[in-house]
Amino acid sequence: MNWFVAKMIFQIEGNDQTYPQFDEQLRLIDAINEELALEIAHQMGMMHQDEVQSSNQQILTWKFVAVTELQYIGDLEHGKEIHYRITEPEQTANYLEMVNEKATGLRKRKAA
């Protein structure tokens with residue numbers, strides 16, 4: 001199988017947004033080649049445009065913007081790296097504190 005990871009961007013629009021919001025999604029695509037994977041990702045983006053009602057009864061709309069990245073990852077296997085990002089924080093201590101808070105929150109959620 002030829003697996004790809006596609007990064008898809010959606011703009012979230014609503015009636016009272018005070019700042020622009022974008023949803024960046026990573027999606028797995030199975031295709032015979034990169035050209036087909038890109039076409040499938042674009043079609044998925046169009047199909048996953050959606051409207052939802054927020055908790056304060058406003059309509060939020062996810063509008064597909066574009067596929068911005070497509071990475072070939074080959075066959076899927078346990079433990080395979082599919083994404084990475086190198087971060088260069090200004091404050092190492094603050095970054096590590098944030099990482100530890102997220103990890104602790106995840107462990108607590110799984111234990112509950």
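The following legends describe close-up views of a predicted model.

View 1. The side chains of Lys7 and Glu24 form a salt bridge, with an N to O distance of 3.2 Å. Because Lys7 lies in strand β1 and Glu24 in strand β2 (residues 21–30), this pair ties together parts that are 17 residues apart in sequence. Glu24 is exposed, at a relative accessible area of 53%. Lys7 also forms a salt bridge with Glu69, where the closest N and O atoms are 3.6 Å apart. This second pair links distant parts of the chain, with Lys7 in strand β1 and Glu69 in strand β4, 62 residues apart. Glu69 is partly exposed, and its relative accessible area is 45%.

**View 2. The salt bridge between Glu13 and Lys63.** The side chains of these two residues, Glu13 and Lys63, meet at 3.3 Å, N to O. Glu13 belongs to strand β1 and Lys63 to strand β4, so the contact ties together parts that are 50 residues apart in sequence. Both partners count as partly exposed: Glu13 has 28% relative accessibility, and Lys63 has 40%. Through shared partners, salt bridges join Lys7, Glu24 and Glu69 into one network. The count for the structure comes to three salt bridges.

**View 3. The aromatic pair of Phe4 and Tyr72.** A search of the whole structure finds two aromatic pairs. In the pair shown here, the ring centres of Phe4 and Tyr72 are 5.3 Å apart and the planes stand at 65 degrees, so the pair is edge-to-face; the cut-off for this class is over 60 degrees. The pair links distant parts of the chain, as Phe4 is in strand β1 (residues 3–13) and Tyr72 is in strand β4 (residues 59–74), 68 residues apart. Phe4 is buried, with a relative accessible area of 3%, whereas Tyr72 is partly exposed at 44% relative accessibility.

View 4. Helix α1 (residues 34–47) has 14 residues and reaches 20 Å from its first C-alpha to its last, close to the 20 Å expected at 1.5 Å a residue. Ala37, Ala41, Met44 and Gly45 are the buried residues shown in α1. These residues cover an arc of only 100 degrees around the axis, which puts them on the same side of α1. An α-helix has 3.6 residues a turn, so residues three or four places apart point the same way. The face of α1 turned away from the buried side carries the exposed residues Glu35 and Met47. Glu35 is exposed, with a relative accessible area of 69%. The C-alpha atoms of Glu35 and His83 are separated by 21 Å, and these residues are 48 apart along the chain.

**View 5. Gln57 in the loop between β3 and β4.** Gln57 is found in the loop between β3 (50–53) and β4. The phi of Gln57 is near 65 degrees, a positive value in a residue other than glycine. Most residues other than glycine have a negative phi. At 55% relative accessibility, Gln57 counts as exposed.

**View 6. A nonpolar surface patch that includes Val99.** Tyr95, Leu96, Met98 and Val99 make a nonpolar surface patch of about 300 Å². Val99 is placed in helix α2 (residues 92–111). Val99 is partly exposed, with a relative accessible area of 33%.

Notes:
Residues are numbered from 1 along each chain as its sequence is written. This is a predicted model: local features need pLDDT of at least 70, side-chain atom pairs count only at pLDDT 80 or more; totals for chains, interfaces and linings use all residues. Side-chain values use heavy atoms; hydrogens and water are left out. Patches are made of residues with over 30% relative accessible area and no salt bridge: like charges are joined within 9 Å, nonpolar side chains (Val, Leu, Ile, Met, Phe, Trp, Tyr) within 5 Å. Accessible areas come from the Shrake-Rupley method with a 1.4 Å probe; for residues, only the protein chains shown count as cover. A salt bridge is a side-chain nitrogen of Lys or Arg within 4 Å of a carboxyl oxygen of Asp or Glu. Helices (H or I, at least four residues) and strands (E, at least two) are DSSP runs, numbered from the N terminus. Buried means under 20% relative accessible area, exposed over 50%, partly exposed in between (1.4 Å probe, protein chains only). Rings of Phe, Tyr and Trp (its six-membered ring) pair if their centres lie within 6.5 Å; planes under 30 degrees apart count as stacked, over 60 as edge-to-face and the rest as tilted. The expected span of a helix is 1.5 Å times one less than its number of residues. The arc is that of the directions from the helix axis to the C-beta atoms.
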